[in-house]
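The following exercises concern the fold of one protein chain. Each task is followed by a solution in steps.

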Amino acid sequence: MFISSQFMLLFSRQGKLRLQKWYVPLSDKERKKISRDLVQTILARKPKMCSFLEWRDLKIVYKRYASLYFCCAVEDQDNELITLEIIHRYVELLDKYFGSVCELDIIFNFEKAYFILDEFLLGGEAQETSKKNVLKAIEQADLLQEVCSD
């Protein structure tokens, strides 16, 4: 999967940003403006509308899972279906790790959600496509953390 994501946002139906990962250098002011604009744009869309939209010079791909929206921005020439698959794969990884992930899992374990994302995407590109390998790396990191804290 060769998609170069610019950023990924996770936000609630109320518009609260729960996770943000930026793969391009932007000022805090610009990040906040982008986040605010995109959250408002996506929340204003009807549920039956397409999950892809052109925004500025990027393609925005988003999907709602329960109470969370997962939003990814990619280059205009990137494949939106592969991007949707990347979002879905991340949700599957979160589900496997947390056992049916919910918004509270992300809120109270945001560092683990970031870690899982970093194991899966590196610099905005899918690093490892095997769920089993990603989960194994996370399991090993958890074990290491347990050993170090004892």
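Contact here means heavy atoms within 4.5 Å. Helices (H or I, at least four residues) and strands (E, at least two) are DSSP runs, numbered from the N terminus. The model is predicted, with local features needing pLDDT of at least 70 and side-chain atom pairs counting only at pLDDT 80 or more, while totals for chains, interfaces and linings use all residues. Residues are numbered from 1 along each chain as its sequence is written, and side-chain values use heavy atoms, with hydrogens and water left out.

**Exercise 1. State which elements the chain has, and compare its radius of gyration with that of a compact globule.**

Step 1. The chain has five helices and seven strands. Read from the N terminus, these elements follow the order β-β-α-β-β-β-α-α-α-β-β-α.

Step 2. The radius of gyration is taken over C-alpha atoms, and the globule rule is 2.2 Å times the number of residues to the power 0.38. For 150 residues a compact globule would have a value near 15 Å, and the chain agrees because its own value is 15 Å.

Step 3. Along the principal axes, the C-alpha atoms fill a box of roughly 50 × 35 × 30 Å.

**Exercise 2. Determine the strand order of the five-stranded sheet and describe the pairing of β1 with β2.**

Step 1. Two strands pair if DSSP finds at least two bridges between them. The five strands form an open sheet in the order β2-β1-β5-β4-β3, and the pairing is antiparallel. At the edges are β2 (17-22) and β3 (52-55), each of which pairs on one side only.

Step 2. Axes are lines fitted to C-alpha atoms, for helices over the stretch in contact, and angles run from 0 to 180 degrees between N-to-C directions. Neighbouring strands of this sheet are turned by 20° against each other on average, direction ignored.

Step 3. Strand β1 (residues 5-12) pairs with β2 in the antiparallel sense over five bridges. L9 has Q20 of β2 as its bridge partner, and F11 stands opposite L17 in β2. The hairpin of β1 and β2 has four residues between the strands, and in it G15 takes a positive phi near 90°.

**Exercise 3. Identify the strands that α1 and α4 lie across, with the angles.**

Step 1. Helix α1 (residues 28-44) lies across β1, β2, β3, β4 (58-65) and β5 (68-75), and runs at about 60° to β1.

Step 2. Helix α4 (residues 110-120) lies across β1 and β2, at about 35° to β2.

**Exercise 4. Characterise the packing of α2 with α5, and of α2 with α4.**

Step 1. Helix α2 (residues 80-98) packs with helix α5 (residues 131-149) at an angle of about 45°, their axes being 11 Å apart. That angle makes α2 oblique to α5, since angles under 35 degrees count as roughly parallel, over 145 as roughly antiparallel, 65 to 115 as roughly perpendicular and the rest as oblique.

Step 2. The crossing of α2 and α5 is right-handed. A crossing is left-handed if the near helix is turned anticlockwise from the far one by less than a right angle, and right-handed if clockwise.

Step 3. On the α2 side, R89, E92, L93, K96 and Y97 meet K131, V134, L135, I138 and D142 of α5. By class, this contact of α2 with α5 has five nonpolar, no polar and five charged residues. Ala, Val, Leu, Ile, Met, Phe, Trp, Tyr, Cys and Pro count as nonpolar, Asp, Glu, Lys and Arg as charged, and the others, Gly among them, as polar.

Step 4. The axes of α2 and α4 come within 10 Å and cross at roughly 130°; α2 and α4 are therefore oblique to each other. This crossing of α2 with α4 is right-handed. The residues of the contact of α2 with α4 divide into eleven nonpolar, no polar and two charged.

**Exercise 5. Which residues other than glycine have a positive phi, and where do they lie?**

Step 1. Most residues other than glycine have a negative phi.

Step 2. R56 has a positive phi near 55° and is found in the loop between β3 and β4.

Step 3. S100, also not a glycine, has a positive phi of about 60° and lies in the loop between α2 and α3 (103-108).
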